[in-house]
Each structure stands twice: as C-alpha cells, then as structure tokens.
Amino acid sequence: SATKSSSHYTCPTKANMSTKAKLHIANSKAEVAPLLHAQVISCVQKCSDESKFVIALSGGSLPAFLSANALIQSFADAGVNPQWNKWYVFLADERCVKNDHPDSNYCSIQQHMLTAELPIPADQVFPIDDALLDDTTPGTCTTENIAKDYEDKLKSVLGDNGKFDCILCGFGPDGHTCSLFPDHDLLKVTDKMVASITDSPKPPPERVTLTFPVLNAAKTVIFCGAGGSKALILDAVFAEASLIDDGSYDVVMADPAPYPCGMVQMECGDLCWVVDKDAVTGVEVLEKS
C-alpha cells in the first residue's frame, strides 16, 4: 500500500485526511531499543545538513530505551555519524521537582542517556529552571512561571515558529502522553508551546508539558512503549493497519481519537510507533491485516 512521503518541505492540506503512521513491533521488550534507535538515526540523517538537531524526550519508561552506550553502538552499527555537538535536548514534559529528585524526568534521562559517554554540550541540554520552585512570592504561580521560562528556552533555540526535528513520547495505560491527560483542559491549549498543569491525575500533580501544536508541527513524533498494559490503548487508537514488506505496518489513526496519545495530527511530519509484541496483543486491526 502507498506510504506517505517523508519530506517535510512541502505540506499538502490535511483537511479531511486521516492521520497515518508507521508501526514497528519488536519481538520482545529487549528488542524495542534497537528499533527505537533506528528511528532516531533516521531523524538524524534527515537533518545531516542542518546546523542543529533538536529533540524532545519524555520520561517514564522511555529513558531506559536510550542508554548512552547502546545508542552510541546503534549509530556505529548503522555507519551514521550522530554529530552529538549539534544535538539540543529538551524535555517533552517535566514534573515540577528539583532536577536531582527521583521523580524528575531530567534526572532519569541524565542517568540513562546523558552520561559522560555521550558528548552533547551541557549548554545544549535544557532541564527546567528548578530555582523557580523556591519562589515564595504571594500570588505567584510557580508552575506557570516554570512553563513560561521553558517556552522562552524553546524559542531561543527554535524561534517562534520552529519545529522539533524529533519528539520521543511515551504513553500510559490511561492513554496520556507527555503530561496531556484524558479529558483535561490542556488538550485544548493552542496558544502556548509549553503549558503548566497543577492537577495531574498522576502524581506529582504539578508539571509542565509540550502542547499539541508543538507535537503536531514536529518533523517526526515517535511513540514508544512496551508491555500488555498498553494493548487496550493501541486497540482503540489504531483504526486500520496493513502489513508491508519489511514487517512493519502502515496504520491509520482512529478519528476522533479516544485518547491523548492518539490525538497528534501531524501537519506534514512523520508519525511513528515503536512497541513490543505484548503491547499489541489482541489489537484487532493487526489480527485482521
């Protein structure tokens, strides 16, 4: 079946068009990381002539798939120069805690990926400004200030209308992604790149997150997850699937999307899912294809 062009330079109108995605299924959780790395490597190759490679990373289980040594080896095996000096690393969402706190996504990413082996310049990695957590000025919304500061950092690298080269997202068994939760008001935010939330249904309650306009505008968004707890979500968000020669699937996303992780509507970029077999057990459209 026909596949969408990967070019992000021309963007046909998406009115009344279903969102299409590529689905890669690993035989086991241990094999998710190499599949995920291959997608990241593809994103890097598309940007080989650019001066920057700007990526956003989620926390949760995702950083464990991005361990520094394995990522370095994957680039070497592919014969691709990662050009680490060009990488600018942002957080797709963050909990409003100190950057060395166990709940911090930055802390998790630092432990797994941003180790001494990976020579990304320190000033090109962007945690939240956790000093803002100490602001006790009456009437100040600390979480909102952190979101505004983080949006300013984004704009300093991307400009006002810039696009991420790659956003790596996890997704929860409730269908949330980043800190965009089902039925929450943040799903409707269109006037901010980074929004704050003080009532997250999953602790800790105070967080900042990229918004859908940023996700939709990215050159590539990759969702990654493993385990049987994801299967009900994937069964709901995939409307059609067709197996292609390389063992991956072309999928059409359900519209309207039943969960936030299915609500990304790429303007002209590529949408990709990397999961293990357990995550798609019982997914109806895959069993039919």
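Let's start with strand 7, residues 207-210. Arg207 and Thr209 point one way from the strand, Val208 and Leu210 point the other way, and all are buried. Buried means under 20% relative accessible area, exposed means over 50%, and partly exposed is in between, with a 1.4 Å probe and protein chains only. Strands here are DSSP runs of E with at least two residues, helices are runs of H or I with at least four, and both are numbered from the N terminus.

A word on the source. This is a predicted model, where local features need pLDDT of at least 70, side-chain atom pairs count only at pLDDT 80 or more, and totals for chains, interfaces and linings use all residues. Residues are numbered from 1 along each chain as its sequence is written, and side-chain values use heavy atoms, with hydrogens and water left out.

Back to strand 7 and its partners. Strand 4, residues 93-95, runs antiparallel to strand 7, and three bridges join them. Pairing needs at least two DSSP bridges between two strands. Within that pair, Glu94 stands opposite Val208. Strand 6, residues 194-197, is also antiparallel to strand 7, with four bridges. There, Val194 has Leu210 as its bridge partner.

Now the loop between strand 6 and strand 7. Pro204 sits in it. The peptide bond from Pro203 to Pro204 is cis, with omega near -5°. Omega for the Asp255 to Pro256 bond is about 5°.

Next, backbone phi. Two residues to look at. Gln83 is not a glycine, yet its phi is positive, about 50°. Gln83 lies in the loop between helix 2, residues 68-78, and strand 3, residues 87-91. Its relative accessible area is 25%, so Gln83 counts as partly exposed. Asp183 is not a glycine either, and its phi is about 65°. You will find Asp183 in the loop between strand 5, residues 166-169, and strand 6. Asp183 is exposed, because its relative accessible area is 79%.

On to salt bridges. The rule is a side-chain nitrogen of Lys or Arg within 4 Å of a carboxyl oxygen of Asp or Glu. How many does that rule give? The count comes to nine. I'll take three of them in turn.

Helix 4, residues 142-158, holds Asp152 and Lys148. Their side chains meet in a salt bridge at 2.9 Å, N to O. The two residues are four apart in the helix, so about one helical turn separates them. Asp152 is partly exposed, at 37%.

Glu151 and Lys155 also sit in helix 4. Their salt bridge is 3.2 Å, N to O. Again the residues are four apart, so the separation is about one helical turn. Glu151 has a relative accessible area of 11%, so it is buried. Lys155, at 30%, counts as partly exposed.

Then helix 7, residues 284-288, with Glu284 and Lys288. The side chains of this pair meet at 3.1 Å, N to O. Four residues apart in the helix, so about one helical turn. Glu284 is partly exposed at 43%. Lys288 is exposed at 65%.

Lys288 takes us to Leu271. The two are 17 residues apart along the chain, and their C-alpha atoms are separated by 22 Å. Leu271 lies in strand 11, residues 270-276. Is Leu271 buried or exposed? Buried, because its relative accessibility is 4%. What does Leu271 contact, leaving aside neighbours within four places in sequence? Contact means heavy atoms within 4.5 Å. The partners are Thr19, Lys20, Ala21, Lys22, Val221, Phe223, Met253, Val264 and Met266.

Last stop, helix 1, residues 32-46. The expected span of a helix is 1.5 Å times one less than its number of residues. Helix 1 has 15 residues, so it should span 21 Å; its end C-alpha atoms are 22 Å apart, which agrees. Which residues of helix 1 are buried? They are Val32, Ala33, Leu36, His37, Gln39, Val40, Ile41, Cys43 and Val44.

That's the tour. Happy to go back to any part.
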